[in-house]
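Here's a quick tour for anyone meeting this structure for the first time. Have a look at the sequence and the model, then read on.

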Amino acid sequence: MLVVYYDIAIIGSGVVGLFIAYELAHYRVRVIVIDREAEPGFGVSKGHAGVIHVVQPPFNSLRSKLAIEGNKLYDGIAKRLHVRVRRLSTLLVARNPIHLIALPAVWFILNRVYGKHGFRVRVLGPRELRKREPNVKGLGAIEVNNYGVINSFELISQLYNFCTLNGIDFAFNTEVVKVKVLDDGVAILTNRGEYRARYVINAAGLYSADVARMFGDEYRLEFGKGVMLVFWGEQTRNIVAPLQLAPNPKTKGGAIIPTVFGTTIWGPSLSMSDRGDRSVNEADIEILNEKFGGLLRRRDFIPIRAYAGVRPIPEGDDFIITYSKLSKHIIHLVGIESPGLTAAPAIARRVIEMLRDAGAVLTPKDEVREVDPVVMTKSIIEEGGTINADQGEVVCPCMGVTRADIREAIRRGARTLDGIIFRTGLGMGICQGMCLGKAIKVISEELGIDPEKLTKSGGNSWLVTR
Ligand SMILES: Cc1cc2nc3c(=O)[nH]c(=O)nc-3n(C[C@H](O)[C@H](O)[C@H](O)COP(=O)(O)OP(=O)(O)OC[C@H]3O[C@@H](n4cnc5c(N)ncnc54)[C@H](O)[C@@H]3O)c2cc1C
């Protein structure tokens with residue numbers, strides 16, 4: 001059997017694996033990213049809330065340190081990769097007189113911790129709260145600035161484009177099933193053959209403890225499901241959450257979150273679950289309603305979608321970023337729970353330092369190629385440009401996605417319906433996919449396959465049967 005040799009193998013093409021590959025794309029090393037899924041970002045990175053967070057409790061955790069560092073790196077990365085990011089504040093709203101009396105004390109505590117890292121904390125009185133957030137009911141609030149919301153689909157897609165443009169190899173639909181540590185590296189056995197690499201990075205998300213176990217390293221993970229409800233339209237200008245003086249485990253976390261798409265997310269909630277459970281039931285929605293419904297004056301917004309994601313929660317509730325006990329040539333990233341999206345750029349930089357410490361020779365490339373912005377037909381028209389016939393064939397009227405946009409998404413690597421959805425926004429509008437029949441036809445034509453061969457997200461997730 002053919003064995004393919006690399007300097008570095010990354011297991012996992014979630015946002016963390018992709019950021020590590022993005023950093024490595026600046027050096028003269030041969031890198032492969034291996035993923036069991038059909039496309040990048042189809043693991044935990046597919047179902048989150050898209051918030052760039054700030055300081056995290058517990059304040060002295062690695063999670064908090066890397067979130068602060070990651071937050072500060074995002075503007076530069078988003079500019080370079082042409083990804084939409086919007087900076088805003090989080091408002092913790094006082095809804096009763098006890099909360100109102102507590103505001104100065106909460107400000108004092110938060111300001112000591114957040115202020116030291118450059119995040120501004122302020123108390124807003126009722127009038128200022130009304131001015132800042134006309135749709136929010138409350139007696140006052142604490143404002144923390146420098147949060148962000150990002151188009152994480154665009155981020156994943158542009159990280160992937162950057163990596164492929166700069167020589168990183170990807171093996172999709174490829175599951176790592178066994179590893180063997182050799183004198184000069186690691187043999188990685190997959191369902192599609194063997195790879196050899198001198199260094200291996202385990203960025204396998206929900207399966208990171210399983211991959212670590214293949215090397216004889218033991219970690220315990222629990223799994224926390226988060227449900228999110230999406231509304232058409234923007235309910236608030238900033239991220240808004242009720243002030244909680246004593247956190248209630250049943251309603252922990254989450255907020256009213258304006259997105260870069262002009263929609264609003266409520267959530268995520270948090271409940272312990274098993275790894276494969278992405279179900280949403282009435283009780284989940286009730287928890288979100290109870291927590292966020294009372295914060296808004298106007299509630300006539302149309303809910304368009306509910307979805308769930310699952311986070312890997314490690315023992316000790318902190319990221320585990322460490323060498324394997326076997327060798328410094330193996331680096332484990334275990335339990336990269338929330339805010340892993342925020343921390344990912346900083347995690348990647350830490351991994352580069354660890355590779356250097358382990359003896360990897362990382363020589364910068366003379367030249368690195370930059371990615372172009374993704375230009376959708378909609379924006380060409382908005383800017384008064386002229387369009388061709390394919391750009392005139394609208395497939396998704398709500399989001400203005402055309403045949404040409406689908407063709408471009410395929411050119412950039414999409415192979416499944418979800419791959420197209422994430423790259424174009426197809427089906428994400430108010431009707432939530434009445435165009436899917438036509439979309440399946442056009443996507444199959446553009447991929448040059450029968451509609452029966454098109455899947456939602458790889459594997460056996462067929463969309464059409466005869
Ligand atoms: C509900 C929810 C809301 C969240 N909201 C936010 C937020 O607002 N802000 C924020 O900063 N963070 C948020 N997070 C956290 C964030 O989404 C994650 O921390 C981040 O996506 C983790 O990325 P990852 O690359 O580690 O994992 P993943 O995206 O899961 O990537 C791991 C990859 O490894 C692959 N893999 C696994 N095992 C194998 C194998 N044996 N062989 C080959 N491939 C394998 C998987 O297929 C997967 O693609 C949220 C998480 C959840 C669940």
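Which residues of the largest nonpolar core touch the most other members? They are Ala9 and Ala21, out of 124 residues in that core. Keep in mind that this is a predicted model, where local features need pLDDT of at least 70, side-chain atom pairs count only at pLDDT 80 or more, and totals for chains, interfaces and linings use all residues. Residue numbers start from 1 along each chain as its sequence is written.

**The core**

- A nonpolar core here is a set of buried Ala, Val, Leu, Ile, Met, Phe, Trp, Tyr and Cys residues joined through C-beta atoms within 7 Å.
- "Buried" is a matter of counting: a residue is buried if 20 or more other C-beta atoms lie within 10 Å of its own, exposed if 12 or fewer, and partly exposed in between, with C-beta atoms placed from the backbone.
- Leaving out residues up to four places away in sequence, alanine 21 touches Ile10, Val31, Val33, Cys163 and Ile168. Touching, or being in contact, is when the C-beta atoms of two residues, placed from the backbone, lie within 7 Å.
- As background, nonpolar side chains tend to be buried together in soluble globular proteins.

**Tyrosine 6**

- Tyrosine 6 sits in strand E1 (residues 3-11). Helices (H or I, at least four residues) and strands (E, at least two) are DSSP runs, numbered from the N terminus.
- Tyrosine 6 counts as buried because it has 22 C-beta neighbours inside 10 Å.
- Tyrosine 6 and arginine 198 are 192 residues apart along the chain, yet their C-alpha atoms are separated by 6.9 Å.
- Not counting residues up to four places away in sequence, tyrosine 6 touches Arg30, Val31, Ile32, Tyr195 and Ala197.

**Domains**

- The protein chain splits into domain 1 (3-46 + 153-221 + 316-357), domain 2 (83-149 + 222-313) and domain 3 (377-453). These bounds come from an automatic or database domain assignment.
- The C-alpha centres of domain 1 and domain 2 are 32 Å apart.
- Where the two meet, 13 residues of domain 1 are in contact with 10 residues of domain 2. On the domain 1 side, H5 gives the most, with three residues.
- By class, that side of domain 1 has five nonpolar, five polar and three charged residues. For these classes, Ala, Val, Leu, Ile, Met, Phe, Trp, Tyr, Cys and Pro count as nonpolar, Asp, Glu, Lys and Arg as charged, and the others, Gly among them, as polar.

**Around the ligand**

- 41 residues surround the ligand, and the closest are Gly14, Gly43, Gly205, Gly226 and Gly340. A residue makes the list if its C-beta atom, placed from the backbone, lies within 6 Å of the molecule.
- Sorted by class, the shell has 19 nonpolar, 16 polar and six charged residues.
- Domain 1 and domain 2 each put at least three residues into the shell.
- Helix H1 (15-24), strand E16 (303-314) and helix H8 (340-357) each supply at least two.

- Helix H5 (residues 152-165) has 14 residues and reaches 20 Å from its first C-alpha to its last, close to the 20 Å expected. The expected span is 1.5 Å times one less than the number of residues.
- H5 is largely enclosed by the rest of the structure, because 12 of its 14 residues are buried.
- Those buried residues pack against H1, helix H2 (62-81), strand E6 (140-150), H8 and helix H12 (417-424).
- Eight of the eight residues of H12 are buried. Their cover includes H5, strand E20 (401-402), helix H11 (403-411) and helix H13 (436-447).

- The peptide bond from glycine 267 to proline 268 is cis, with omega near -5°. Proline 268 is in the loop between strand E14 (264-267) and strand E15 (271-273).
- Serine 338 and proline 339 are also joined by a cis peptide bond, with omega about 5°.
- Histidine 82 is not a glycine, but its phi is positive, about 60°. Histidine 82 is partly exposed, with 15 other C-beta atoms within 10 Å.
- Asparagine 146, in strand E6, has a positive phi of about 70° although it isn't a glycine.
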